[in-house]
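Here's a quick briefing to read alongside the model.

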Amino acid sequence: MTRAPAPGIGSMPLDGRTAFRVWAPHAGSVAVTGSFNDWSTDRHLLVREDGGYWYGEVEGAGPGDEYKYVITTNGEQFHRVDPRARAVTNSVGNAIIYDRDAFDWQGDSFATPAHNELVIYETHIGSFVAEEGDPGDIETMASRLGYLQSLGVNAIELMPVAEFAGDYSWGYNPAHPFAVESTYGGPDRLKAFVREAHRHGIAVIVDVVLNHFGPSDLSLWRFDGTSDNGKGGIYFYQDDRSHTPWGDTRPDYGREEVRQYCRDNALMWIEEFHMDGLRFDATLYIRTVSGIGTDIPEGWALMRDINLSIRRELPSKILIAEDLQDDPALTSLDGAAFTAQWDSGFVHTVRALVTTPDDGTRSMTDLARAVATGRDPWDRIIYSESHDEVANGKLRVPHEIDGDNPTGWPAQKRATLATAIALTSAGIPMLFQGQEFLEDEWFRDTVPLDWDRAEEFRDIVRLVRDLVALRRNLTGTTAGLTGAHTRVSHLDDAAKTIAWLRSTDTAAACVVVNASADPRDVTVGLPSAGRWVVRFNSDASTYSALFGDHPTRDVDAAESPLDEQPASGTVSVGPYTLVVLSPA
């Protein structure tokens, strides 16, 4: 009795055998070669199916075996890695048969936190915990989950983990998009990491790269031996749409098989790896040809298809675009249907505020626009540092403030002010690795975090931890910071002071900022009279021996209307300081 072909694409372990299916529409023949057949190039030929696919089953082949496809086209033979391999020996090595269903999740049923309660920590596995001379891996990353839990963050955003060329990379050059980087530890290590993160109460978001593949060590390039116009063949556009800033390798979103490949790749991280969200890299180059001008309608359609599929089935997942153009279509259901996008306007405004050396040029008006946008706050990710903002000619905030003394008073005060603004503004806040202990210089994938600084600047770490706790309302006193409503209740560009109210329908908090080198008494409009308690003061000496511990007292608000609020009160705020108050 003839068995029906197994469903799926790639290598699929079955009972005592493995099925293989691969798309190679122009091939004259396809065979699978591997450790199970002494690397014979003709012993196990696949059979052509409809749509340019090839299929076959190999008895005795199973998980852990290495393999490649042998594709013969027009008399030439090409050895190719399976485009859907979940594991490879290395970026120029072999695919490994992997059982996608064998991992024991041990009942993992983690619920992604509500988006208004998220605090994200962006990190790069290769440099997070590493020794000089060797990249970090998933296991060393997992060793710090307790630290991240104590910091209070409830989501980690991993820079890309797909197999890339070499051992060091930011990850935005995927050579094998379905395989987990072998240097990091492979697919089971990543699954175990997600499972452990969930046990620590931490969601995991992963970066996906669909604007280009490779370009190095790219087995997809001319996969079945054919190409047009000297381009990359069946997986790529073969006209001017192929070009990106990173290589001539933009996927052909208009081709059904390639669109399915991209869609399946994105969904894999959610379905097989239990990820809590995706962050799409440089979506501008999925939706446009050159970053400006000509749209790619198929790119828009691909993003919308992926995102709507996830939102329908798993609405708690967070889907983030790094587009940096503030285009509302990215988060529209009629556009790309992301749930949020990185807000470049926020980061550039905040960094300009704290890095300029002259108080007179700090714009509180610009900050007010960045803080209170009048839109849904949960459709944006806000931050003062990210991997892009602290590399490529840009520096960590403390170093940009004072390159000669990045741990001195000005750098500490204004860097923590930037962090505090991001953690108290309306939006989903994000930290970048090491920001909480004033990591300086700039981000490099070959230079690990200096974890001695976590102890040296443990008081700054405490400052960030206290802010995260307030942002998440872990103390039960600052629910307003989780609210969707923001209103600027004070703005004085001459004095360099600003205040804004954050609120839910039932709770409020007031944030007051002094962006000058001198203490200020700030009178703010408040939504209710009575005692407003200081919940946080970034000038407290408990956060740094250099801080002045300016006496910021609780406020007894009077029924004296101000700035369209029914009450008002005066709070004294130290230099370059942020204060949070909420009702007693």
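Leaving out residues up to four places away in sequence, A19 touches A6, G10, S11, M12, L14, Y55, G56 and E57, where contact means heavy atoms within 4.5 Å. This is a predicted model, in which local features need pLDDT of at least 70, side-chain atom pairs count only at pLDDT 80 or more, and totals for chains, interfaces and linings use all residues. Numbering runs from 1 along each chain as its sequence is written, and side-chain values use heavy atoms, with hydrogens and water left out.

**A19**
- A19 sits in strand β2 (residues 17–23); strands are DSSP runs of E, at least two residues, and helices are runs of H or I, at least four, numbered from the N terminus.
- A19 is buried, with a relative accessible area of 0%; buried means under 20%, exposed over 50%, partly exposed in between (1.4 Å probe, protein chains only).
- Y55 is 36 residues from A19 in sequence, yet their C-alphas are 7.3 Å apart.

**D445**
- You'll find D445 in the loop between β19 (428–432) and α12 (452–456).
- The backbone nitrogen of W170 is 3.3 Å from a polar atom of the D445 side chain.
- Setting aside neighbours within four places in sequence, D445 is in contact with H124, G126, S127, Y168, S169 and W170.

Technical notes
Polar contact = N/O pair within 3.5 Å; in protein donor to acceptor, adjacent residues only side chain to side chain.
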